[in-house]
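The sequence and structure come first, then the notes.

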Amino acid sequence: MSTYINPLHPNRHAPYDDIPRDVRDFLNYLGAILNRSPRTVNGYYIDLRTFFRFMVQYRGLAPDTDFDEINTSGLDLEFIGSITTSDIYEYLYFLKNERLNEPAARARKLSAVKSLYRFLTVKANRLSNDPAKDVSVPTTKRALPKYLALEESMELLKNIQSDFYERDYCIITLFLNCGMRLVELVGINMTDFKEDTIRIVGKGNKERLVYLNQACIHALERYCEARAKLMNLQDKDALFVSRRTGKRIGARRVEQIVERCLKLAGLSGKGYSPHKLRHTAATLMYRHGNVDMLELKEILGHEHVSTTEIYTHINTEKLRTAASSTPLSRVEFTQKKDGPMPQEDLEMEAEAPEVPELFEDLEDELSSRK
């Protein structure tokens, strides 16, 4: 059964022949009309395939078939339309308790189901009822982005060792200064540069211009000189190429380059990755460059400023300044002579148990429950 995109042809995927025809139409709509990337469409395919496999199993239509072997291509529109809101809640329960999916994964898979039924009811007018419309998305914890500190970033740049040093140094420099995504970096062509700007093709094939600072310009100049000397250059359009094959390097190769550089800098094992370098660039711009949210949104290629606002929570200097801005922050402690305690305070002091006794009572109560 087809599942994953061929790494040699990232803009193609195998025929989705193990899912219902109406779901294939939806995937074609995502790719051809909404212009979603092949990887995004493939993600929807995997999530929706899981959903319909569950429905087949839940209704007892494939009792002797392993879950991962269930073929849903025979399901028709009548079956898809017969799914109820209660069925979707059962699916979410299955994801949580059987598949052990975290809230973020459950939210993503529910979003795929919602998008499918919205397509079938609103866009294609094939169904009149949307069972997923009123199903709430699981609450997710919004974690702060992980990033390298300024000192760690400097250490990373100082510890790049490679047989193609100019290329790898340029890759790390662009990540740390431009905040581009991994797929954006590997897709850069030689014609995307103009003076001190670079054209980036982001999610949904949306283009944006990113300005290059002197560090990026110098790194690119040195790399392009080394690239021009390659005797076996095959992909003349691609910016980053393999020294051995002369062809465009893929995302996995860039991940390996970053992993090796992190290890040499003593930063491995801390959860850093190319995407964390993107977070690092955004964090350094916001904390040290006096960049506001709208500017950072454009640099990172976010569709909504709410996505960018997460970086407001990691500017500790601004938080420290805000805490010091209240006029009460300058009030000094003044020692005054103790006076007689009011009678009602004396009575409350006498009745209140000592704090250690409260802890002892709590410990005794917890011990008795074991």
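Contact here means heavy atoms within 4.5 Å. This is a predicted model, in which local features need pLDDT of at least 70 and side-chain atom pairs count only at pLDDT 80 or more, while totals for chains, interfaces and linings use all residues. Residues are numbered from 1 along each chain as its sequence is written, and side-chain values use heavy atoms, with hydrogens and water left out.

**Overall build**

- The protein has 16 helices and 3 strands. These are DSSP runs numbered from the N terminus: helices are H or I with at least four residues, strands are E with at least two.
- Of its 370 residues, 39% count as buried. Buried means under 20% relative accessible area, exposed over 50%, and partly exposed in between (1.4 Å probe, protein chains only).
- Take the contacts between residues at least 6 apart in sequence: 59% of them join residues at least 24 apart.

**Helix α9**

- Helix α9 covers residues 214-228. Its 15 residues reach 21 Å from first C-alpha to last, close to the expected 21 Å. The expected span is 1.5 Å times one less than the number of residues.
- Its buried residues are Cys-216, Ile-217, Ala-219, Leu-220, Tyr-223, Ala-226 and Arg-227. They pack against α7 (165-178) and β1 (193-194).
- At the start of α9, a side-chain oxygen of Asn-213 comes within 3.2 Å of the backbone nitrogen of Ala-215.

- A polar atom of the Arg-227 side chain lies 3.0 Å from the backbone oxygen of Lys-236. A polar atom of that side chain lies 2.8 Å from the backbone oxygen of Ala-238.
- Leaving aside neighbours within four places in sequence, Arg-227 is in contact with residues including Met-190, Leu-233 and Val-241.

**Ser-242 in the loop**

- Ser-242 sits in the loop between α9 and α10 (251-264). Its relative accessibility is 16%, so Ser-242 counts as buried.
- A polar atom of the Ser-242 side chain lies 3.2 Å from the backbone nitrogen of Thr-245.
- Not counting residues up to four places away in sequence, Ser-242 touches Arg-167, Lys-247 and Ile-249.

**Salt bridges**

- The structure holds 17 salt bridges.
- Asp-18 pairs with Arg-49, with the closest N and O atoms 3.7 Å apart. This pair links distant parts of the chain: Asp-18 is in the segment before α1 (21-32), and Arg-49 is in helix α2 (residues 38-58), 31 residues apart. Asp-18 is buried at 1% relative accessibility, and Arg-49 is buried at 10%.
- Asp-22 and Arg-126 meet in a salt bridge at 2.7 Å, N to O. Asp-22 lies in helix α1 and Arg-126 in the loop between α5 (103-123) and α6 (150-158), so the pair ties together parts 104 residues apart in sequence. Asp-22 is buried at 11% relative accessibility, whereas Arg-126 is partly exposed at 33%.
- Arg-252 bridges to Glu-255, with the closest N and O atoms 3.0 Å apart. They are 3 residues apart in helix α10, so about one helical turn separates them. Arg-252 is partly exposed at 44%, and Glu-255 is partly exposed at 25%.

Methods
Polar contact = N/O pair within 3.5 Å; in protein donor to acceptor, adjacent residues only side chain to side chain. Salt bridge = Lys/Arg side-chain N within 4 Å of Asp/Glu carboxyl O.
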